[in-house]
Amino acid sequence: MPVASPGLPGLPVLSALRELLPRGGLARGSVLAVAEFGLLCLALLAGASADGGWCGIAGIPEAGVLAAAGLGLDTGRTLLVPEPGPAWPQVVASLLDGCELVLVRPPARASAQVRQRLEATLRRGRGVLLVAGDWPGAQVRLRVVTRRWTGLGDGHGRLRACCAEVAADGRGEAAMTRTRWLWLPAEDGRVAVADPADVPFDLPAGGQPGPGRALRAVGG
Amino acid sequence: MSPRGFGADQPTRIMVVSCPELRGAEQGRETARRHERVIAVVTGFCPNVEVVEPGMCAFGARGPARYFGGEAALAARIVAAVAGLGIQVRIGVADGLFAALLAAGAAAAAGGGDPVRVIPPGGTAGFLAAQPVSDLAGQVLAGQDLTALLKRLGLGTLGDFAALPSADVVSRFGDAGERAHRLARGLDSRPLATRPPSADLSVAQEFDPPEPRAEPVAFAAKALAGRLHAGLAAHGLTCVRVRVLAVWADGRESSRLWRHDGLLSAAAVADRVRWQLDGWRPAANNDADDDQHAEGGVAALRLAPDQVARATGEQLALWGETIVSDQVARAAMRVQAMLGHQAVLRPVPSGGRNVHDQVTLVPFGEKREARLAADRPWPGRVMGAAPGVVYQVVREADVTDDAGQAVTVSGRCAVSAAPARLAVRGEPPRRVTGWAGPWPLSERWWDPAAARRRARFQLATDDGRAWLAVVQDGRWLVEAGYWLGGLGEPGGSLAGAEAPDVLGDGVRRGAGIRRGARPASAARRYRCRRAAVGRTALPFLVQLPRRGGHPRRARRRGGSARPGDARSHRSRRDVRDPAVRAGRGEAGRPGRAAAHGVRRRTESRLAARAG
């Protein structure tokens, strides 16, 4: 699918996510799909927001704004439409007029016609649509292959960081699958690239702390 | 504090107008209406009137009395004017409000005779001295007790009470006693709080015959807004919000408050009226094809200022405040026009101990203020990573131990057993692989109605998720979730090998990925499966706003709403007015210049419509 305004640079993303995306950013006028709403969606918003863009979140009343703010989202430049209702395509199109990046979880499955119209709206503008759900025409799809939280023990500790393997593929430039290990979030609440030698998945199933590791892994 | 209290030369002359029949009456709508008419008549003599209580009002008598030729003459005129309404009044004039109230009461008690009782200047102390102390009952806090006590002490009249040294009164009867003593001596405790009559600043226009199209109504709204602004400016006022009320021919009403803050031009108000009408229509007649609709059009339009305040001018923030650009504001307000004012929210990080409290959601256009201050320590809040998913309504859950018994937390915060299974209501159970807690939290223990005792837990489950759960009143509630999203199939259905398998071979599945260290193989499997996702086209009529504005307007201009003509290689037709194109070009930067451009565009479009 041709993407409009090739001259404009893409929207920036957090540096840790750059390697996952073609050209290291979000191409304007494109659609990204993440299978399920979660921190990964918010992390994708954070980069553009920190750069001065406005973000819209539609149809996700449970979005954890505080976690997003920890990842770098500027809450002053965020619009929330928790319940867009059946008119969600119009709401998303209106938001795309004002915001650079709109995250939407469609309340119903988007028909091909709705998708085409929204994609046409996108190509006219400068925005990027981030869909938490299914979107067959998406240029880039992101998913979390595996993940594990660290810091919890049996009755002690607290959640500190999450190590996740994120895979991206899609169409055109993005067709090649890229996989990265990320701390999402890291202990300081931000996103960081995880050193493969450091990931808690290499531990034996018993979860004994290794010599270089202070944290204990949980999860199976 | 009366001027006399500070040794001023002239005591304050107060006139009290009392309507005995309205005071005792039931406070129904009819009484209120008659009372309001009496106040209106009295306002005709003196504009600044304080309503003391239902059926009784007071005002400073000096100025009006001089104008009307004396207090007695003024009182006679008021009595005659109110008698025209069929209501009898009693009037008392004295130095100070308390004495005037008693004088009006004395005039009423006289009955049949003169309805006016004027205590001459300087005679107030003598008049008060003869009154019984029970008159103080309604004037001060716990007055009943005080007057009963004074009577038992042998002080029958206000004169007896006033003769006591005030220092002794204060030491014996405290603050309320001192206030009563001041009243008994003829010193008012406070000046009269009069208010000028509130002018009706709302403006309205009726449409006869009812106007079925939005554009003429919006055009009329522009003229109405001009009148509204002129009326506000004449009073030196501004309004925080403006209420737009549209009455349809069949009697239904559409009323909505729009943020104004004195910043909106007449054209901007007209824009909001049009959005409101547009937003109202689709819900009213979804199947009708065009502007002509069943309810027969708008019969009346009213703009009323809400929260009127003194206009103090506006100073834009130099820095520190996020400037909302015109484009964003327009987008947000268009969504508000579709879904309502509360539908578009801006988050404000706040304080608080619960994850719900830590973000305040403020409707777009209102002041961004945190409900709970964020810079306080808030002991007991959840530390560490913030959850990415905060449920608006807590979800019930069951947490059981290895034996299948529900896990409980005792009053001393001891856990009955280690949690082994978490079953969120409506979802299959998950195995708990790590947990921490309980972290006790006792909130508002001093308020029995709002007191809550809870114990928090963080639970990690075998599908890689983590949860924030609380135990309250023996029930487990899940408040928030920590996860990343996007695990498994992007098709929405989590079926297949990637699905979170429940309580079964989660370890083995994880082990496969762990040991293999070949993420590409997982991705390949995923790609193959994705090819099978079919595309279905469901008939669903959608109108999307085009860049040129609302689709309805775009179509009227001859543009097509089909998506086909929006292909990227075709140059877009500029549907804006030439003035705007020039304005955009010369402005070249966002901000105030852009705001003028928008305004000009709307105005010129409206003018073109009218022509």
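This is a predicted model: local features need pLDDT of at least 70, side-chain atom pairs count only at pLDDT 80 or more; totals for chains, interfaces and linings use all residues.
Residues are numbered from 1 along each chain as its sequence is written, and chains are lettered from A and ligands numbered from 1 in the order in which they are written.

**View 1. Chain A at a glance.** Chain A holds four helices and 12 strands; helices (H or I, at least four residues) and strands (E, at least two) are DSSP runs, numbered from the N terminus. Of its 220 residues, 60% count as buried. Here, buried is 20 or more other C-beta atoms within 10 Å of a residue's own, exposed is 12 or fewer, and partly exposed lies in between, with C-beta atoms placed from the backbone. Among the chain A contacts with a separation of 6 or more, 65% link residues 24 or more positions apart; a contact means C-beta atoms, placed from the backbone, within 7 Å.

View 2. S10(A) (residues 157-170) and S11(A) (residues 178-183) run antiparallel and are joined by six bridges; strands pair if DSSP finds at least two bridges between them. To find your way, look for Glu165(A), which stands opposite Trp181(A) in S11(A). S11(A) is also joined, by two bridges, to the antiparallel S12(A) (residues 192-193). There, Trp183(A) has Ala192(A) as its bridge partner.

**View 3. Two helices of chain A side by side.** The axes of H3(A) (residues 88-98) and H4(A) (residues 112-124) come within 10 Å and cross at roughly 10°. Axes are lines fitted to C-alpha atoms, for helices over the stretch in contact, and angles run from 0 to 180 degrees between N-to-C directions. H3(A) and H4(A) are therefore roughly parallel to each other, a label for angles under 35 degrees, with over 145 counted as roughly antiparallel, 65 to 115 as roughly perpendicular and the rest as oblique. H3(A) brings Pro89(A), Val92(A), Ala93(A) and Leu96(A) to the contact, and H4(A) brings Val114(A), Arg117(A), Leu118(A), Thr121(A) and Leu122(A).

**View 4. Helix H2 of chain B and its two sides.** His35(B), Val38(B) and Val42(B) are the buried residues of H2(B). Seen down the axis of H2(B), these buried residues fall within an arc of 60°, so they line one face of the helix; the arc is that of the directions from the helix axis to the C-beta atoms. On the other side of H2(B) you will find the exposed Arg29(B), Glu30(B), Arg33(B), Glu36(B) and Ala40(B).

**View 5. The five-stranded sheet of chain B.** This open sheet has mixed pairing and the order S2-S3-S1-S4-S5. S2(B) (50-53) and S5(B) (116-118) stand at the edges, each with a single partner strand, so one side of each is left without a neighbour in the sheet. On average, neighbouring strands are turned by 20° against each other, direction ignored. S4(B) (residues 90-95) pairs with S5(B) in the parallel sense over three bridges, and Val93(B) stands opposite Val118(B). Helix H4(B) (residues 71-83) packs on the sheet, touching S1(B) (13-18), S4(B) and S5(B), and its direction makes about 160° with that of S5(B).

**View 6. The four-stranded sheet of chain B.** Here the open sheet has the order S6-S9-S7-S8 and antiparallel pairing. Its edge strands, S6(B) (203-211) and S8(B) (253-259), each pair on one side only. The twist averages 15° from one strand to the next. S7(B) (residues 237-248) and S9(B) (residues 298-310) are joined by 11 bridges, with Leu237(B) partnered by Arg310(B). Helix H10(B) (residues 214-234) lies across S6(B), S7(B) and S9(B), running at about 30° to S9(B).

**View 7. Leu459 of chain B and its contacts.** Leu459(B) is found in S15(B) (residues 452-461) and counts as buried, with 26 C-beta neighbours inside 10 Å. Trp435(B) is 24 residues away in sequence, yet the two C-alpha atoms are 4.4 Å apart.

Definitions and conventions
Two residues are in contact if their C-beta atoms, placed from the backbone, lie within 7 Å.
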